[in-house]
Amino acid sequence: ILYIEALLYAYAYPDDPPGCSSWTNKESCEAPKSYWDTTADRCLWSVESQSCSFIEPKLTFLGSLVMSTLAILVASFPITFLALIFNSAIFPHVSHDWGGTGDSFEGDPE
């Protein structure tokens with residue numbers, strides 16, 4: 001689950017995706033949008049230095065909750081599938097005839 005969560009966080013909150021520093025004008029700098037919020041810019045144009053820089057996305061509690069929930073959902077399906085496939089190997093059939101006298105053993109209420 002942690003590996004999947006790390007991949008989701010790396011996708012949602014990148015450190016510095018390539019491209020921001022290579023833009024040479026304001027229009028091309030502000031064209032790329034955020035992955036999760038399509039109204040937010042990924043890059044910021046600086047008028048003073050005439051350069052483009054990456055905008056660090058803000059980590060919110062709701063974003064963390066969504067990432068954790070997605071990671072749990074993605075990880076739970078393979079685990080459940082493997083448990084169903086290997087159920088007989090993990091939990092072998094056990095006979096309930098402990099005393100060899102039928103379906104019950106001594107002291108069992110009937």
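What share of the contacts in the chain with a separation of 6 or more comes from residues 24 or more positions apart? In this predicted model, such residues account for 46% of those contacts. The chain has 110 residues, and buried residues make up 19% of them.

The secondary structure comes next. The chain holds four helices and two strands. From the N terminus, the order of elements is α-α-β-β-α-α. Between β1 and β2 runs a loop that contains glutamine 50. Glutamine 50 is not a glycine, yet its phi is positive, at about 55 degrees.

Two disulfides are found in a search of the whole structure. In general, a disulfide is a covalent bond between the sulfur atoms of two cysteines. When the bonded cysteines of the chain are numbered in sequence order, the pairing reads 1-3, 2-4.

Are its two cysteines buried or exposed? Cysteine 20 has 3% relative accessibility and therefore counts as buried, the cut-off being under 20%. Cysteine 43 has a relative accessible area of 2% and is buried.

The other disulfide joins cysteine 29 to cysteine 52, with an S to S distance of 2.0 Å. Here too the pair links distant parts of the chain. Cysteine 29 lies in helix α2 and cysteine 52 in strand β2, 23 residues apart. The angle about the S-S bond of cysteine 29 and cysteine 52 is 80 degrees, and the link is right-handed. Cysteine 29 and cysteine 52 are both buried.

Which residues form the largest nonpolar core? This core has six members: Cys20, Cys29, Cys43, Trp45, Cys52 and Phe54. Strands β1 (43–46) and β2 (51–54) each supply at least two of its residues. A second core is separate and has five residues, including Leu8, Ala12, Tyr13 and Ala71. In soluble globular proteins, nonpolar side chains tend to be buried together. Apart from its neighbours within four places in sequence, cysteine 20 is in contact with Arg42, Cys43, Cys52, Ser53 and Phe54.

Which helix gives the most to the patch? Helix α3 (residues 61–85) does, with three residues. Isoleucine 90 is placed in helix α4 (residues 87–90).

Helix α3 also contains leucine 70. Leucine 70 has 31% relative accessibility and so counts as partly exposed. Along the chain, leucine 70 and isoleucine 1 are 69 residues apart. Their C-alpha atoms are separated by 9.6 Å.

Technical notes. Residues are numbered from 1 along each chain as its sequence is written. This is a predicted model: local features need pLDDT of at least 70, side-chain atom pairs count only at pLDDT 80 or more; totals for chains, interfaces and linings use all residues. Side-chain values use heavy atoms; hydrogens and water are left out. A nonpolar core is a set of buried Ala, Val, Leu, Ile, Met, Phe, Trp, Tyr and Cys residues joined through side-chain atoms within 4.5 Å. Buried means under 20% relative accessible area, exposed over 50%, partly exposed in between (1.4 Å probe, protein chains only). Contact means heavy atoms within 4.5 Å. A disulfide is a pair of cysteine sulfur atoms within 2.5 Å.
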